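Subject: Structure handover

Hello,

Here is the structure we talked about. Please open it first; my notes follow below.

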Amino acid sequence: MNEARINAKDIRESAIAGTWYPGDPVRLAKEVGDYLEKVPDRELPGTLLGLVAPHAGYVYSGQVAAYSYKLLKGKSYPIVIILSPSHRPYYGGVLVTKKRYYRTPLGLVEVAVDLVERVHEQMTLDFIGQDQEHSLEIQLPFLQMTLSEFKLVPLMMENQSIETCQGLAQVLAGVFSQGNALFVASSDLSHFYDYDRATKLDRRALEDIERYDAVGFARDVATGKCEACGAGPIATVLLATKALGGDKVTILKYANSGDVTGDRWRVVGYGAAAVTRSA
């Protein structure tokens, strides 16, 4: 990609490089590479349709995220749809950047503008300028390290109601019914409970996800039986991939921040999962 020919106004600059993950490209590549190297090789049967990955700072959740992204080794996905929550109030439903590229220290990621427009033709997307959302951006270096080339459909969900999830999933399943696309749900799990309580809440969330039960998962989040700041993205990915023939969810890894820091009083939960189609 010849960056010299790209207008700077078309680039969504990194909001978190140097804080949530390293800002130096050499250090970033080494850190992501080290996380991936520590994950044993694993080949799931069937076709990989989707991933769930956490979005805290790499020092906390990077190793868990690597369990999802290690599955991309040797695979090719020309399109990656990332669904993330929106942690800031933009007063929209489903948000998408106005920019044509995302920048990380590893280079530029091109937005699939034509596919974003196809989604927008079928449902309302709210276009925003220089957003500060970390939960979508933080997935990009892992994708840059594991996929040789891809274009991005970046969707941030401010409205995470099950009705929004169902409508968005229906549209995405239609737009991406042909071709080799990967869905990624960006979400952490419970926040700021003690270790035992967090583990119990997160176990419930992962059991719902493993059962491929998007509606049950959303209901359990709504009633406080589990937590996930990206519950909408997870539910949407489950619904969209099921509509595309997905039939199995595999939980790849669970840990929380207490496993990293040793502080077991206020932890955040992280899960990695994969969605596959057997036929």
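Helices (H or I, at least four residues) and strands (E, at least two) are DSSP runs, numbered from the N terminus. This is a predicted model: local features need pLDDT of at least 70, side-chain atom pairs count only at pLDDT 80 or more, and totals for chains, interfaces and linings use all residues. Residues are numbered from 1 along each chain as its sequence is written, and side-chain values use heavy atoms, with hydrogens and water left out.

Start with Asp188. Asp188 sits in the loop between strand S9 (181-186) and strand S10 (191-193). This residue is buried yet has no salt bridge. Buried means under 20% relative accessible area, exposed over 50%, and partly exposed in between (1.4 Å probe, protein chains only). A salt bridge is a side-chain nitrogen of Lys or Arg within 4 Å of a carboxyl oxygen of Asp or Glu. Which side chain of opposite charge is nearest to Asp188? That is Arg266, 13 Å away. For charge, Lys and Arg count as positive and Asp and Glu as negative; His and the chain ends are not counted.

The side chain of Asp188 does have a polar atom 2.8 Å from the backbone nitrogen of His55.

**Positive phi**

Two residues to check here. Phe192 is not a glycine, yet has a positive phi of about 70°. Phe192 is in strand S10. Its relative accessibility is 46%, so Phe192 counts as partly exposed.

Tyr212 is the other one. Phi of Tyr212 is near 65°, again a positive value in a residue other than glycine. Tyr212 belongs to the loop between helix H7 (195-210) and helix H8 (214-222). Tyr212 counts as buried because its relative accessibility is 6%.

**Salt bridges**

How many salt bridges does the structure hold? There are eleven.

Take Arg103 and Glu13. They form a salt bridge, and the closest N and O atoms are 2.7 Å apart. The pair links distant parts of the chain, 90 residues apart: Arg103 is in strand S5 (residues 101-104), and Glu13 is in the loop between strand S1 (11-12) and helix H1 (25-37). Arg103 has 22% relative accessibility and so counts as partly exposed. Glu13, at 32%, also counts as partly exposed.

Asp41 and Lys70 form another salt bridge, with the closest N and O atoms 3.3 Å apart. Asp41 lies in the loop between H1 and strand S2 (47-53), and Lys70 in the loop between helix H2 (58-69) and strand S3 (79-85), so the pair ties together parts that are 29 residues apart in sequence. Is Asp41 buried or exposed? Asp41 is exposed, with a relative accessible area of 56%. Lys70 counts as buried, at 13% relative accessibility.

Then there is Arg211 with Asp208. The closest N and O atoms of this salt bridge are 2.4 Å apart. Arg211 counts as exposed, at 52% relative accessibility. Asp208 counts as buried, at 0%. Elsewhere, salt bridges that share partners join Arg12, Asp131 and Glu137 into one network.

**The cavity**

How many cavities of 30 Å³ or more are there? The count comes to one. A cavity here is a set of points, on a 1 Å grid over the protein atoms alone, where a 1.4 Å probe fits but cannot get out; lining residues have an atom within 4 Å of a point. Grid points are joined across faces, edges and corners, and a volume is the space filled by probe spheres set on the points.

The largest cavity has a volume of about 50 Å³. Its lining is formed by Arg42, Glu43, Leu44, Gly46, Thr47, Leu48, Leu71, Lys75 and Thr276. By class, that lining has three nonpolar, three polar and three charged residues. Ala, Val, Leu, Ile, Met, Phe, Trp, Tyr, Cys and Pro count as nonpolar, Asp, Glu, Lys and Arg as charged, and the others, Gly among them, as polar.

**Two C-alpha pairs**

Ala53 is in strand S2 and counts as buried, at 0% relative accessibility. The C-alpha atoms of Ala53 and Ala185 are separated by 6.3 Å, while the two residues are 132 residues apart along the chain.

Glu110 lies in strand S6 (residues 107-111). Glu110 counts as partly exposed, at 23% relative accessibility. Between the C-alpha atoms of Glu110 and Arg100, ten residues apart along the chain, the separation is 6.1 Å.

Best wishes

Definitions and conventions:
1 Å grid on protein atoms, 1.4 Å probe; cavity = no way out; pocket = protein on both sides within 12 Å on 5 of 7 lines; lining within 4 Å. Polar contact = N/O pair within 3.5 Å; in protein donor to acceptor, adjacent residues only side chain to side chain.
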